[in-house]
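Work through these two exercises with the structure open beside you. Try each task before you read its solution.

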Amino acid sequence: MTLRAVVRAARGQFRLSVELSAERGHVVAVLGHNGAGKSTLLDCLAGLLRSDETSVRLDGRELGSLPPHRRRVGLLRQRPLLFPHLTVRDNVAFGPRAAGASRRQARAIAGRWLAAVGAEEYADRRPDQLSGGQAQRVALARALATEPELLLLDEPLAALDADAAPAMRALLRTVLRSASKRVTVLVTHDPLDALALADTALVLADGRVVERGPTQRVLSAPRTPYAARLAGLNLVAGEAVEGGLRTPDGDLLSGLHAEGLEPHTPAVAVFAPSAVSVYPRGKSVPGSPRNTAEAVVAAVEPHGPVIRVRTRASGGWAGGLTADLTPAAVADLALDPGKPVTVVVKATAVDVHPASSLSAARSA
Amino acid sequence: MTRDSTLRSGLRSPRLLWIPAAAGLALIVLPVAGLLFRVDFARLPELLTSQASLDALELSLVTAGLSTLLCVLLGVPLAVVLARVRRGGRVLRAVVVLPLVMPPVVGGLALLYLLGRNGFAGYLLDVVAGVRVPFTTAAVVLAQTFVAMPFLVISLDGAIRAGGDEYERVAATLGAGPWVVFTRVTLPLLLPPLASGVVLSFARALGEFGATITFAGSLQAVTRTLPLEVYAQAEADVESAVALSLLLIVVAIAVIVAAGPRMTARVTEGARP
Amino acid sequence: MRLTRVVAAAAIALLLAGCATAEATRTVTVFAAASLTETFEQLAEKFEARREGVDVRLSFGGSSRLAEQLAEGAPADVFAAADDKAMAKAVQAGVIDGEPQRFARNRMTIAVAPGNPKKIDGLTGLRGDVVLVTCAPEVPCGRAAQALAANANVRLQPASEEPDVKSVLGKVAAGEADAGLVYVTDVRAAAGKVDAVPITGADAVANAYPIATTREAAEPDLARQFVEFVLSDEGQRVLRDAGFDAP
């Protein structure tokens, strides 16, 4: 099973133009911020939205002109959307029934899939008697029970609370890995989901693909600011030079070159927010770090167990950075928006990668 | 002193609202009470079991039942199509609610000019099939359906649009064609608002007067429903009219109660579960 | 308090305005049977023309319904009914002042489409495929129709029994009914929209129209004058022209 999709569609000012391909058994993650066009892309693949310029080929079979119910796709949304008037079992049996299975056959199929997602004990319950995590498991079973050739997952973990998400993620991992011929497209804004579930990833911004490649590569060594922001990493674009990267302003950012990086070619320096240290301006910085620059605090906000500090955009590499600090450090330094600071990044924490052509233009 | 640990809402509506609220309630309750005071309970059984009363009651129940059925058969598809049209929904909706804002007598005249002997459809029916609609029980059913259907369509249309089409989209990706989606997803989800729509239409059909008398006339056991009988009796025997009014109220309350409190509550909510 | 002063001033202004209008025009309210619509409109106009600042307010309806409204306290100075039974109802309710006087009689006739396409020649012709509409037996025109049919030994089979005579006429004028039993005056008032087929023996069951002033009349003098005007030669001439017979 091979998926080759070309989706071109317009809605008002928004234009979506995406080419997508995947091999059988593979999972493609589609990453992007809100409004990037992820869900629209999924709806086009499912046939819920249509445009004349869209072509979806599965093993040479053209789906673009088929209505949704003829496409053999499965769709799992952020919300489980279990039919409230049917029991859990009948929800899962709905697809097989629609495909022409007898009542008994359909219920047998439903039983198998409920067992596969570990939800057989809820079979006779009504959807409103399930927790969010349970309902999403059942919704997954329902989507899989039609044996879809193309499985579309639209932020399947986004609506689950922190306790339920890991279990569902693990379940998806098992189910998706065991698929032999299915192609799965996973839409998410969470790099963790993509890393856990997807073989390849593409990053969508303003309706266009700005980066694609193996998931791990896209998220650990992003070549574009979009991907970097999605991965939660800092990214500085420039030119590869001996010992690091030269920014357009002429500053040198020391770092470790990736293998095969040619000097004097476009490159990006990538480092994690946790690798950034922040000091009050004018105070001496301990040691003799090579990467030191001045910046002004733009925002201070909690981010999980740490505090994320964002600097004001400026010409230098220290503009628009994020740094993760402990709450105690933030309190000690009295960091408030507008405060001048000195930021320091250890050279060993900076990776310099070849840039894709797209990243040469640094955009917001 | 007993203390109750049951949780209750700490919000209260402003006291000032209670006065107009009480006046509003009184406006509904007091006239009905006034009617009750006028009922001659000694003669009540005799008045209600007269042939004319029994005929009117039977005719009312049968025609209101038939017109409600017609409302469902035509109104449900209308509401579903209406809620999903891409363009012109507002205009169509305005047309559908026309019988609500139109005086029923005008509705009766409109029906007469369509299906009467000189109306184009009525003329065709007469010439081609030898069917004449006015002055028949069928005319009563048509008049009632005309005025009652908007109630059904509106409660369904609101529910469909409030509920969105997410369930239908999921069903489509599960391989269900449009008809299966309609029968196995849309329709079952619409049952609660449909039930309230049915109650409303039945009640409206039961109370129909103006369109019926204009389009169907008034003849015992054929077209003279309870409201028409009340009107006719008001000319001759007010006691009898009062007794019949009481009967009409009792039937209406029975319908509401039979429909169940949950359904009555949904009449105004109309949202999907 | 400033507010009370404003309210008081407004109240006085209203009172003055009320007195002013009361002085300028006096209103006499007349409840009359639906079959009197056209004639009483004419009579009211003539009555007003004679008197400066007098306004006649007319309310037409089924006689029995009007009697019922009077009994419930509807404010009227004069009541003109289409038959004695309706008037008796008002008398019984104690709202009539003095003895009602008969001022006209009205005969029944058969209203048919112009040119009488169904060739209806009398009560005996109202059968088979003729769509007949009558008044309900609860109202005077319905009672008259039943009496006529009984006298002629004919069984009427109406398609509808309408609540008042104007509805009967309307159904015939609209072409929905082939024939309707109405008053002679209704056909004349319809001015060519329907034709009349006379009924033999109609005189025998002609309705007598009684008129009376009410006990609670706001304008007892004007009310008496109006009744006198209806009974006067001039009033009678208007009634005769409309097709009513002498009482």
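**Exercise 1. The two chains**

Solution: 

Step 1. Keep in mind that this model is predicted.

Step 2. Turn to area. About 1800 Å² is buried between chain B and chain A. Carbon and sulfur atoms hold 68% of it.

Step 3. Find the main contributors in chain B. B:T173, B:L174 and B:R184 lose the most area to chain A. Together they make up 37% of what that side buries.

Step 4. Look for charge pairs. Two salt bridges link chain B and chain A.

Step 5. Check a pair by distance. A salt bridge needs the nitrogen and oxygen within 4 Å.

**Exercise 2. Two helices in chain A**

Task: How are helix α2 and helix α4 of chain A arranged, and which residues make their contact?

Solution: 

Step 1. Locate the helices. In chain A, α2 covers residues 88–98 and α4 covers residues 132–144.

Step 2. Take the geometry. They pack at an angle of about 25°, and their axes are 7 Å apart.

Step 3. Classify the angle. Angles under 35 degrees count as roughly parallel, so α2(A) is roughly parallel to α4(A).

Step 4. The crossing of α2(A) and α4(A) is right-handed.

Step 5. List the residues. α2(A) supplies A:V88, A:N91 and A:V92, while α4(A) supplies A:V138, A:A141 and A:R142.

Step 6. Sort them by class. The contact of α2(A) with α4(A) has four nonpolar residues, one polar and one charged.

How values were computed:
Residues numbered from 1 in each chain as written. Chains lettered and ligands numbered in written order. Predicted model: local features only at pLDDT ≥ 70, side-chain atom pairs only at ≥ 80, totals over all residues. Heavy atoms only, no water. Axes fitted to C-alpha atoms, helices over the stretch in contact; angles between N-to-C directions. Helix = DSSP H or I, 4+ residues; strand = E, 2+ residues; numbered from the N terminus. Parallel < 35°, antiparallel > 145°, perpendicular 65-115°, else oblique. Left-handed = near helix turned anticlockwise from the far one by under 90°. Contact = heavy atoms within 4.5 Å. Nonpolar A, V, L, I, M, F, W, Y, C, P; charged D, E, K, R; others polar. Buried area = accessible area lost by both parts, 1.4 Å probe. Salt bridge = Lys/Arg side-chain N within 4 Å of Asp/Glu carboxyl O.
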